[in-house]
Amino acid sequence: MSFARRIADAIGVRASGSPPRPPEWAPAPVESAAPRPTLEWQIATVTRIVPETARARTFTLQLPNRRPHRAGQHYDVRLTAPDGYQAQRSYSIASEPERAGEIDLTVELIPDGEVSSYMHGVLEPGDRIELRGPIGGYFVWQASQPEPLGLVAGGSGVVPLMAMLRHRAAASGRQPARLLYSSRTSDDVIYAAELARLPAAGDGAEVFQTLTRGAPEGWSGFTRRIDAEMLREVFAPLGSDVRIFVCGPTLLVESVADALVAMGVPAERIKTERFGPTGS
Amino acid sequence: MAVDEPTKQAGSQPSEDAEAMALDRALTLDGNAVAGLLEEVFGWEITAQLTQCANCGHVAECGALLAFVGGPGTVLRCSVCKEVVVRIVRTDRATYVDARGASFFRLPVSPDI
């Protein structure tokens with residue numbers, strides 16, 4: 001007899017509700033459900049290091065336990081000193097999810113940056129490094145999303161957006177896509193050669209660039225900081241259904257997001273990734 | 001940050017306050033930047049999940065909160081009213097989560113829901 005029934009009998013009332021359910025439970029499944037994937041630290045091996053600019057390098061990493069990622073996600077990299085002190089930073093994945101077995105992280109060297117200075121100054125192919133990921137479900141884009149894609153990058157903020165463009169190309173996405181990319185000088189443009197080739201594919205991807213600290217002879221792009229007029233010129237042709245991702249130094253991201261909202265782009269269609277005061 | 005202005009020190013100048021606010025602004029990250037920490041705490045990726053600010057009622061994805069990571073802990077603020085939504089502090093032995101600024105978190109039963 002159930003506890004509730006005993007109490008009900010003791011105080012002289014009928015327990016409300018239906019009688020106890022007969023034992024018709026299914027037997028336990030033979031196998032338990034797949035465990036939730038957990039975010040665990042693992043040791044990756046550096047297989048290749050490619051300089052992109054004087055301050056940015058791409059590290060190709062092989063992971064013993066690689067989980068599929070989505071374009072826009074990042075990995076956390078952790079360094080541990082002999083005394084146990086740890087430093088941890090997040091770096092965006094540059095490679096498309098379609099590439100099997102390895103990921104690329106493009107890392108900008110930050111002066112006095114604990115992790116980036118180690119990666120640039122010490123790490124060599126064959127070395128191992130501790131990381132976890134892929135991380136983040138907010139700043140992600142999938143080629144199955146049919147709306148036009150707008151991308152705005154400042155400096156190394158181009159990295160997760162490059163993953164989106166590479167994913168779009170690998171998945172044969174045909175939605176219009178436009179990248180507006182701000183760099184200081186032409187020497188600071190990450191993925192310059194690949195970006196120059198991108199429109200030639202003829203699949204609807206276009207690249208607009210601006211240089212804020214002087215342009216070389218014959219430069220055909222913009223030559224000022226990103227402003228409302230530039231945003232309108234680049235993104236108005238994508239129409240009102242556009243989804244926009246903005247990544248870069250915090251102040252650039254905020255001014256771009258504010259200008260886009262003032263332009264009439266609904267705030268929920270704008271996703272931002274601020275990476276703090278560096279690089280501005 | 002009208003809601004939670006830093007306490008004024010005796011003798012502080014308005015320009016110092018303006019400087020501190022400008023610094024705060026430049027140091028702002030998104031909730032997305034601490035997605036790894038949030039996944040550790042909640043056991044699940046939650047930056048694409050909704051939360052509600054208990055102060056102003058704004059509902060947004062956790063990744064759209066404003067994140068401040070420069071202090072001894074991590075602080076997530078509402079992007080609309082700037083009030084604190086969550087504080088997370090880790091010690092050697094435990095993690096402390098002060099979530100009184102959130103009226104709910106949506107936690108999915110499985111990924112991609």
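In this predicted model, strand E2 (residues 50-53) of chain B and strand E3 of chain B pair in the antiparallel sense, over three bridges. This pairing belongs to an open sheet of three strands in chain B, while chain A holds an open sheet of six strands.

**The three-stranded sheet of chain B**

- The strands follow the order E3-E2-E8, and their pairing is antiparallel.
- The edges are formed by E3 and strand E8 (102-105) of chain B, each of which pairs on one side only.
- From one strand to the next, the twist averages 25 degrees.

**The six-stranded sheet of chain A**

- The order of the strands is E4-E3-E6-E1-E2-E5, again with antiparallel pairing.
- Strand E4 (86-92) and strand E5 (102-108) of chain A each have a single partner strand, so one side of each is left without a neighbour in the sheet.
- The twist of this sheet averages 40 degrees from one strand to the next.
- Strand E1 (residues 42-51) and strand E6 (residues 128-135) of chain A run antiparallel and are joined by four bridges.
- Opposite A:Gln42 stands A:Leu131, a residue of E6(A).

**Helices packed on the sheet of chain A**

- Helix H2 (residues 114-121) of chain A packs on the sheet and touches strand E2 (56-62), strand E3 (74-80), E4, E5 and E6 of chain A.
- The direction of this helix makes about 75 degrees with that of E4(A).
- Chain B also contributes a helix: H2 (residues 35-42) of chain B packs on the sheet, touching E3 and E6 of chain A.
- The direction of H2 of chain B makes about 75 degrees with that of E6(A).

**A helix crossing in chain A**

- The axes of helix H5 (residues 228-235) and helix H6 of chain A come within 10 Å and cross at roughly 65 degrees.
- The crossing of H5(A) and H6(A) is right-handed.
- H5(A) brings A:Ala228, A:Leu231, A:Arg232 and A:Phe235 to the contact, and H6(A) brings A:Val256, A:Ala259, A:Leu260 and A:Met263.
- Seven of the contact residues are nonpolar, none is polar and one is charged.

**The second largest pocket**

- The space in the second largest pocket amounts to about 780 Å³.
- Its lining consists of 29 residues; A:Thr272, A:Arg274, B:Ala64, B:Leu66 and B:Ser79 lie nearest the centre.
- From chain A, helix H6 (250-263) and strand E11 (270-274) each supply at least two residues of the lining.
- From chain B, helix H1 (14-27), strand E3 (59-61) and strand E4 (66-68) each supply at least two lining residues.
- By class, the lining has 14 nonpolar, five polar and 10 charged residues.

**Backbone features of chain A**

- Most residues other than glycine have a negative phi, and most peptide bonds are trans.
- The peptide bond from A:Gly133 to A:Pro134 is cis, with omega near -5 degrees.
- A:Pro134 is located in strand E6 of chain A.
- A:Asp112 is not a glycine, yet has a positive phi of about 65 degrees.
- The loop between E5 and H2 of chain A contains A:Asp112.

Terms used: Residues numbered from 1 in each chain as written. Chains lettered and ligands numbered in written order. Predicted model: local features only at pLDDT ≥ 70, side-chain atom pairs only at ≥ 80, totals over all residues. Heavy atoms only, no water. 1 Å grid on protein atoms, 1.4 Å probe; cavity = no way out; pocket = protein on both sides within 12 Å on 5 of 7 lines; lining within 4 Å. Points joined across faces, edges and corners; volume = space filled by probe spheres on them. Nonpolar A, V, L, I, M, F, W, Y, C, P; charged D, E, K, R; others polar. Axes fitted to C-alpha atoms, helices over the stretch in contact; angles between N-to-C directions. Left-handed = near helix turned anticlockwise from the far one by under 90°. Contact = heavy atoms within 4.5 Å. Pairing = 2+ DSSP bridges.
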